[in-house]
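Please keep the sequence and the model in view while reading.

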Amino acid sequence: MNIPYGKQSISDEDIKAVVDILKSDWLTQGPTVPKFEADLAKTTQAKYAVAVNSATSALHIAVQALGLGPGDILWTSPITFVASANCALYCGADVDFVDIDQETFNMSPTHLREKLKIAGELGKLPKVIVPVHMAGNSAEMREISEIARPYGIKIVEDASHAIGGDYLGCPVGSCKYSDISVFSFHPVKIITTGEGGVATTNDSELALRMQKARSHGIMKDLSPKKFKTHGQWYYEMTQLGFNYRMTDIAAALGISQLHRLMEFVDKRNILAKKYNQSLDRKHLILPKVMEGTRSTFHLYIIRLVDKMMRQELFNSLREEGIGVNVHYIPVHLQPYYQSLGFSEGDFPVAEDYYSRAISIPLFPQMTDVQQETVIKILNRALST
Ligand SMILES: *Cc1c(COP(=O)(O)O)cnc(C)c1O
């Protein structure tokens, strides 16, 4: 018996939606991507949604649209997937990190305030900051934006874990406290399109820049006047872009998955509540959700009170078929980032978190029996 840490849920409706597109005229650049974008804008209450082929691409075009380039600096959280930081390097900018809050595992507003003060004095302020909604639990965006805005810093939310979550009465992705929010539709995330991502924003100029960037810097319908002087074939490339387009096949799956978004998030919260009630609190620190926030529980992360127990517990759970994982190795400890000058000890709260953390199985189709098995095996392993 194997219980994975996460797993997508594909329904017959999802399959039918994809097959319908395969039988249609448009596998890509048809009407389904704009439809998915409209649905995403509605879900997040943002004005614009720009769908692309991954959250990594979305992060790239988001920070590029905000003007990040050589000589600029981007700050993110060290506890994230590497993509949150790599987007800066794609633009020729530098990366630095803001240590996390030990309760939420999100970018700490306190550390942000202190670090900005020092950076301001040194004339090394970031142009963009990328808070990450770790495990689906929104970072403290109101406070972060109050701290960063006076410096003129732009904010991109890496909300890859958090579609369907709420923060202070608004859906995550509404961009109330940010310029752009980014979501991932990789199969382990809340909803999936296979590979896929989206950037949401309320700024029409940013949306336009991102729309151009995802498709070679070309938008045919933006030059209607010139069709007359040239011809119907006419198009202009106005900026250097990429091919980051989402297919209509993927978008059809996304539209269908969105119908079950709240069902997925509700189920994840029910499973999280059961873990909260049942797991050994003597040996474990369980995740905490701040007031005014609804987490999506993309991940359920336990931390060991005694970090010396982590390795052994992890191994014994794996041996028993419990698909545990660790999210994440702090980005600054990756060999590539070490080669850029980061070292162990740079972000002590993140490193301490990492030494204690284990993600345990949680996915919408997890059965009660599966969850009880995880609880029983975990509590037993801790008590011996
Ligand atoms: C998954 C993930 C990404 C990258 O998403 P892709 O769609 O796989 O490119 C970026 N940031 C975080 C926090 C993620 O979890």
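Leaving aside residues up to four places away in sequence, Pro78 touches Phe97, Val98, Asp99, Ile100, Ile329, Pro330, Val331, His332, Phe347 and Ala350, where contact means heavy atoms within 4.5 Å. The model is predicted, so local features need pLDDT of at least 70 and side-chain atom pairs count only at pLDDT 80 or more, while totals for chains, interfaces and linings use all residues. Residues are numbered from 1 along each chain as its sequence is written, and side-chain values use heavy atoms, with hydrogens and water left out.

- Pro78 lies in the loop between S2 and helix H4 (83-90); helices (H or I, at least four residues) and strands (E, at least two) are DSSP runs, numbered from the N terminus.
- Pro78 is buried, with a relative accessible area of 0%; buried means under 20% relative accessible area, exposed over 50%, and partly exposed in between (1.4 Å probe, protein chains only).
- From C-alpha to C-alpha, Pro78 and Ala357 are 14 Å apart in space, although 279 residues separate them in sequence.

**Helix H5**

- Helix H5 (residues 109-122) has 14 residues, which should span 20 Å at 1.5 Å a residue; its end C-alpha atoms are 20 Å apart, in agreement. The expected span is 1.5 Å times one less than the number of residues.
- Pro109, Leu112, Leu116 and Ala119 are buried in H5.
- Viewed down the axis of H5, its buried residues fall within an arc of 85°, so they line one face of the helix; the arc is that of the directions from the helix axis to the C-beta atoms.
- An α-helix has 3.6 residues a turn, so residues three or four places apart point the same way.
- The buried residues of H5 pack against strand S2 (73-76), strand S4 (128-130) and helix H6 (141-148).
- Exposed residues Lys117, Glu121 and Leu122 are carried on the face of H5 turned away from its buried side.
- After H5 comes Gly123, whose phi is positive, near 70°.

**Leu22**

- Leu22 belongs to helix H1 (residues 12-22).
- The relative accessible area of Leu22 is 49%, which makes this residue partly exposed.

**Asp368**

- Asp368 is located in helix H14 (residues 368-383).
- With a relative accessible area of 54%, Asp368 is exposed.
- Asp368 and Ser184 are 184 residues apart in sequence and 28 Å apart in space, C-alpha to C-alpha.
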